[in-house]
Amino acid sequence: MPELPEVETVRRGLAPALEGAVITDARLYRADLRFPFPPDMAARLIGQRVVSVERRAKYLLIRLGSDDILLSHLGMSGRYRIYNETPPVLETHDHVELMTDGGMTIRYNDPRRFGFMDLFSSEAMASHKLLADLGPEPLSNAFDGASLGAALDGRNTAIKVALLDQRVVAGIGNIYASEALYRAGISPNRKARTIKGLRAERLATAIRDVLNDAIAAGGSSLRDHRQTSGELGYFQHNFNVYGRGGEKCPGCDCSGAIRQVVQGGRSTFYCAKRQR
DNA sequence: CCTTCTCCCTGCAAGC
DNA sequence: TGCTTGCAGGGAGAAG
């Protein structure tokens with residue numbers, strides 16, 4: 001499911017239920033997701049007050065009063081659901097459950113189990129293997145055309161493939177890579193190292209705009225994404241190219257059909273007329 | 001270091 | 001209807 005906008009949507013749903021609350025119970029219904037849960041994870045969560053629910057790239061970071069951080073990645077099909085009353089019986093693929101002193105039940109469900117969780121001390125965060133090499137947050141001041149151009153300098157891969165590299169910019173996945181390139185008018189096949197100057201500015205702006213628009217719509221719900229309330233996101237209706245191979249390009253001044261190609265093993269969608 | 005490839009897992013849609 | 005096939009939004013790790 002989740003790229004940055006979907007994870008941010010989940011973060012915004014979890015924050016009011018968790019921040020300031022004490023975790024009164026934590027239940028693991030299996031020993032692993034993609035990776036084994038850290039030893040004693042449930043015990044280390046119980047009794048902890050949640051300080052904040054943050055996001056870095058596609059990772060949720062839940063800071064605890066013990067100075068530990070619970071990291072959660074949603075993989076491709078992970079969902080959180082919040083119940084503020086007695087929850088229904090467990091559903092298939094409900095793997096983790098947290099209860100709070102505010103009477104909330106938070107469930108993590110993940111059919112494909114590509115998601116994972118980790119728990120580590122805040123001092124270990126800077127050197128955490130999954131976090132240490134991440135590029136800038138695209139919605140932060142650290143990200144702009146100049147920094148994007150610098151990150152792409154010397155890279156021989158196609159720009160679409162480079163955008164999926166979390167070291168270049170954090171949080172973009174397969175959908176928003178295609179959408180951002182469409183908005184920027186840049187071909188996904190263009191060599192990454194040729195993106196600089198004004199072209200890099202255009203791409204950086206397009207990335208920020210598409211991510212902000214998607215967050216405002218509650219993310220994109222194709223198969224799996226749900227907000228923590230269970231509501232769908234709506235941004236998929238605003239895709240210009242993703243999933244629209246063969247359709248007419250929505251651009252007002254061109255009549256091309258949207259092409260679907262495979263790059264780095266993943267589908268890319270673009271208009272060859274608008275994107276150069 | 002950079003780049004490409006394979007694999008992890010289940011669900012779903014399309015094709016037969 | 002039922003079966004098979006391919007594909008899906010991510011990322012680690014190995015190999016080239």
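Arg-30 comes out as partly exposed, with a relative accessibility of 28%; here buried stands for under 20% relative accessible area, exposed for over 50% and partly exposed for anything in between, using a 1.4 Å probe and protein chains only. The model is predicted, so local features need pLDDT of at least 70 and side-chain atom pairs count only at pLDDT 80 or more, while totals for chains, interfaces and linings use all residues. Residues are numbered from 1 along each chain as its sequence is written, chains are lettered from A and ligands numbered from 1 in the order in which they are written, and side-chain values rest on heavy atoms, with hydrogens and water left out.

Arg-30 pairs up with Asp-32 in a salt bridge, their closest N and O atoms sitting 3.0 Å apart. A salt bridge here is a side-chain nitrogen of Lys or Arg within 4 Å of a carboxyl oxygen of Asp or Glu. Asp-32 is partly exposed too, at 28% relative accessibility. The general idea is simple: side chains of opposite charge can pair when their charged atoms come close. Searching the whole structure turns up 16 salt bridges.

Another of these pairs joins Glu-97 to Arg-107, with an N to O distance of 2.7 Å. Glu-97 belongs to strand E6 (residues 94-100) and Arg-107 to strand E7 (residues 105-109), so this bridge ties together parts that are ten residues apart in sequence. Helices (H or I, at least four residues) and strands (E, at least two) are DSSP runs, numbered from the N terminus. Both partners are tucked away: Glu-97 is buried at a relative accessible area of 3%, and Arg-107 is buried at 5%.

Arg-155 and Asp-165 also meet through their side chains, in a salt bridge of 3.1 Å from N to O. This one links distant parts of the chain, ten residues apart: Arg-155 is in the loop between helix H3 (145-152) and helix H4 (159-163), and Asp-165 is in the loop between H4 and H5. Elsewhere, salt bridges join Glu-8, Arg-11, Arg-12, Arg-55, Arg-56 and Glu-137 into a network.

On to the helices. Two packed helices are described by the angle between their axes and the distance between the axes. The axes used here are lines fitted to C-alpha atoms, for helices over the stretch in contact, and the angles run from 0 to 180 degrees between N-to-C directions. For helix H5 (residues 174-184) and helix H6 (residues 197-216), the axes come within 8 Å and cross at roughly 125°. That angle makes H5 oblique to H6, on a scale where under 35 degrees is roughly parallel, over 145 roughly antiparallel, 65 to 115 roughly perpendicular and the rest oblique.

Contact, taken as heavy atoms within 4.5 Å, involves residues including Tyr-176, Leu-181 and Arg-183 on the H5 side and, among others, Leu-203, Ile-207 and Asp-213 on the H6 side. By class, the H5 contact with H6 has ten nonpolar, no polar and five charged residues. Nonpolar covers Ala, Val, Leu, Ile, Met, Phe, Trp, Tyr, Cys and Pro, charged covers Asp, Glu, Lys and Arg, and the others, Gly among them, are polar.

H6 also packs against H3, with axes that come within 8 Å and cross at roughly 110°, so H3 and H6 are roughly perpendicular to each other. Gly-145, Ala-146, Leu-148 and Gly-149 of H3 touch Ala-200, Glu-201, Leu-203, Ala-204 and Ile-207 of H6. Six nonpolar, two polar and one charged residues make up this contact.

Helix H1 (residues 4-18) is another partner of H6: their axes come within 9 Å and cross at roughly 40°, which makes H1 oblique to H6. This crossing of H1 and H6 is right-handed. Leu-4, Pro-5, Glu-8, Thr-9 and Arg-12 of H1 make the contact with Leu-211, Ala-214 and Ile-215 of H6, giving five nonpolar, one polar and two charged residues.

Finally, the backbone. Ala-57 has a phi near 55°, positive in a residue other than glycine. Ala-57 sits in the loop between strand E2 (50-56) and strand E3 (59-64) and is buried at 1% relative accessibility. Asp-67, likewise not a glycine, has a positive phi of about 75°; Asp-67 falls in the loop between E3 and strand E4 (68-73) and is partly exposed at 41%.

Notes:
Left-handed = near helix turned anticlockwise from the far one by under 90°.
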